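Subject: Structure handover, with notes on the ligand and pockets

Hi there,

Here is the structure I promised to send over. Have a look at it first, and then read on for what turned up.

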Amino acid sequence: VNELLRHLGMVLDAVRVDAYREALASAVRPGAVVADLGAGCGILSVLACQAGAGRVYAVEPAPIADVARRLVASNGCADRVRILDTDAAGAELPEPVDLLVSDLRGTLPLRLPQLAAHADFADRWLAPGGAVLPLADRLLAAPCRHPASLHRRAAAGAVEGVDLGPLVDAVGNSWWRQDLAASAPLAAPRRWAEITYPWRPAALAAPLAWELESAATADGLALWFEAELVAGVGYTTAPGGHADSCYGQAFFPFAEPFELAAGDELAVELRADPAGGGFVWTWEAEQRRAGRAVATGRRSTFYVDAPGLLDALRPPPLGKVGP
Ligand SMILES: C[S@@+](CC[C@H](N)C(=O)[O-])C[C@H]1O[C@@H](n2cnc3c(N)ncnc32)[C@H](O)[C@@H]1O
């Protein structure tokens, strides 16, 4: 994805930007010292200045920092915003900050390096009594249909004479961004987890269960979040939400679609374990009828995106065993 376009997409997400504007207006005291971690094009630094910040340290290691420098100047904030072309770990601020603002999320907020960098940065630079914005993200889940599922078409033998099994397995053990319609969830969402910032990445695991009111096919699990920026101000990335959302939802495909009858229960154990440079996701689903399991399926990104972990578990090549 073109990085510049991605940043434009983030600033054109009006629900997100308006919520940050409102939250900053209530969190920034006149003359406050603010850090904008992962400043991108500098939008949150400008909003912090408009809210009355005295000084803003905008930390951004990517080339977009050059755009931030220009955007800050074109908005009359150059005298108050200092752009630091470095990642969080390398940032040296001349003073502690009263407020640490950021949006380091992707489709989901669970991005291991970003969360760790945020927590370390807060440890180093947040003044005693200082605040973080956002305060928390709540992760919500619901079983959903996904009729256009590409990997199911591939599994059905889409390329004549070619076994696509390994590719289908790899895709089926991963999650991806999907922009789901409001009608995609088959039941009311359940809260899976909540992270309160600054948050030191840790394993998240919780059972989820739904009782279906009417018959439906569940292709996978949708996961999204509700951001609480400051008390009473936030936004949701729920399916069918605002059309210009820069987040979408995460779609976790089930091993096989579940054909659910009215009254069936669908139970899912969803977990995210920090490992190497990212989270390993595992989702294990069970369809129950009158309390008895009638179908199950288990998937994990362990098989596709934790090569470091897999290497560690793999036995050493035979020739190299022993001293
Ligand atoms: C989702 S964008 C948000 C940009 C901007 N703050 C906004 O709200 O539109 C996250 C930004 O964080 C930056 N970033 C990622 N990891 C970082 C780190 N460890 N230290 C500083 N910035 C980081 C990325 O380069 C990216 O520009």
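How many residues line the largest pocket, and which of them lie nearest its centre? Please keep in mind that this is a predicted model. The lining is made up of 26 residues, and those nearest the centre of the largest pocket are G38, E60, D103, L104 and Q114. This pocket holds about 540 Å³ of space. By class, its lining has 14 nonpolar, 4 polar and 8 charged residues. Three helices, α1, α3 and α5, each give at least two residues to that lining, and α1 has the largest share, with 5 residues.

Now for the ligand. The space it takes is this largest pocket. Around the ligand there are 19 residues, and R16, G38, E60, A88 and D103 are the closest. The shell around the ligand divides into 10 nonpolar, 4 polar and 5 charged residues. At least two shell residues come from each of α1 (3-11), α3 (43-50) and α5 (112-125).

- G38: here a backbone N or O atom lies 2.8 Å from a nitrogen atom of the ligand.
- A39: a backbone N or O atom of this residue is 3.4 Å from a nitrogen atom of the ligand.

Two or more lining residues come from each of α1, β14 (278-289) and α8 (302-305). Which element gives the most to this lining? That is α1, with 4 residues, and α1 also supplies the largest share of the lining of the largest pocket. By class, the lining of the second largest pocket has 11 nonpolar, 6 polar and 6 charged residues.

Conventions
Residues are numbered from 1 along each chain as its sequence is written. This is a predicted model: local features need pLDDT of at least 70, side-chain atom pairs count only at pLDDT 80 or more; totals for chains, interfaces and linings use all residues. Side-chain values use heavy atoms; hydrogens and water are left out. A residue is near a molecule or strand if one of its heavy atoms lies within 4 Å of it. A polar contact is a pair of N or O atoms within 3.5 Å; within protein, one must be able to donate a hydrogen and the other to accept it, and residues adjacent in sequence count only if both atoms are side-chain atoms. On a 1 Å grid over the protein atoms alone, a cavity is a set of points where a 1.4 Å probe fits but cannot get out, and a pocket is an open set with protein on both sides within 12 Å along at least five of seven lines; lining residues have an atom within 4 Å of a point. A molecule sits in a cavity or pocket if more than half of its atoms lie within 2 Å of its grid points. Ala, Val, Leu, Ile, Met, Phe, Trp, Tyr, Cys and Pro count as nonpolar, Asp, Glu, Lys and Arg as charged, and the others, Gly among them, as polar. Grid points are joined across faces, edges and corners, and a volume is the space filled by probe spheres set on the points.
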